[in-house]
Amino acid sequence: MVTSVTNLGRSGAYDWMVQRVSAVVLALYTAFMVGVLVFTPDLTYEVWSALFAKTWMRIFSLAALMALGAHAWIGLWTITTDYMKNGVVRFVAQAACGTIMFVYFIWGVQILWGL
């Protein structure tokens with residue numbers, strides 16, 4: 001078993017649970033967004049903007065963004081620890097993935113909340 005300071009939960013059971021919960025959040029968000037696209041035939045910028053102006057939608061989108069980050073991190077951590085045996089290469093790859101995910105998360109928060 002690979003132990004590393006770069007894993008999310010320090011235990012496989014915790015990471016497994018985060019992966020499952022984040023998958024449910026992402027599935028709900030995807031189903032909602034598909035529903036909006038299917039059941040709103042006159043979808044205009046004003047309708048779309050009004051939807052994302054609601055606080056509950058921003059919170060739901062933020063939860064989906066956090067779930068996406070956690071889900072991706074656990075998946076990428078698992079792949080890098082399974083297939084990259086060189087510790088330095090693995091750390092660099094994980095640091096690059098973490099940096100990219102952090103930038104995308106901050107960018108998403110900025111888009112959602114206009115910060």
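This is a predicted model: local features need pLDDT of at least 70, side-chain atom pairs count only at pLDDT 80 or more; totals for chains, interfaces and linings use all residues.
Gln19 is found in helix 1, and, once its neighbours within four places in sequence are left aside, it is in contact with Ala70, His71, Ile74 and Gly75.

Helix 1 itself covers residues 12-39, and its 28 residues reach 40 Å from the first C-alpha to the last, close to the 40 Å expected at 1.5 Å a residue. Besides Gln19, the buried residues of helix 1 include Asp15, Val18, Ser22 and Leu26, and what covers the buried residues of this helix includes helix 2 (45-53) and helix 3 (55-83).

## Aromatic pairs

The count of aromatic pairs comes to 5. In one of them, the rings of Phe32 and Trp56 have their centres 5.8 Å apart and their planes at 80°, so this pair is edge-to-face. Because Phe32 lies in helix 1 and Trp56 in helix 3, the pair ties together parts that are 24 residues apart in sequence. Phe32 is partly exposed at 28% relative accessibility, and Trp56 is partly exposed at 46%. The rings of Tyr104 and Trp107, with centres 6.1 Å apart and planes at 25°, form a stacked pair, and both residues lie in helix 4, 3 residues apart, which is about one turn of the helix.

Tyr29, Phe32, Trp56 and Phe60 form one aromatic cluster.

## A nonpolar surface patch

Ile100, Phe102, Val103, Tyr104, Ile106, Trp107 and Ile111 form a nonpolar patch on the surface, with about 770 Å² of accessible area together.

Technical notes. Residues are numbered from 1 along each chain as its sequence is written. Side-chain values use heavy atoms; hydrogens and water are left out. Helices (H or I, at least four residues) and strands (E, at least two) are DSSP runs, numbered from the N terminus. The expected span of a helix is 1.5 Å times one less than its number of residues. Buried means under 20% relative accessible area, exposed over 50%, partly exposed in between (1.4 Å probe, protein chains only). Contact means heavy atoms within 4.5 Å. Patches are made of residues with over 30% relative accessible area and no salt bridge: like charges are joined within 9 Å, nonpolar side chains (Val, Leu, Ile, Met, Phe, Trp, Tyr) within 5 Å. Accessible areas come from the Shrake-Rupley method with a 1.4 Å probe; for residues, only the protein chains shown count as cover. A salt bridge is a side-chain nitrogen of Lys or Arg within 4 Å of a carboxyl oxygen of Asp or Glu. Rings of Phe, Tyr and Trp (its six-membered ring) pair if their centres lie within 6.5 Å; planes under 30 degrees apart count as stacked, over 60 as edge-to-face and the rest as tilted.
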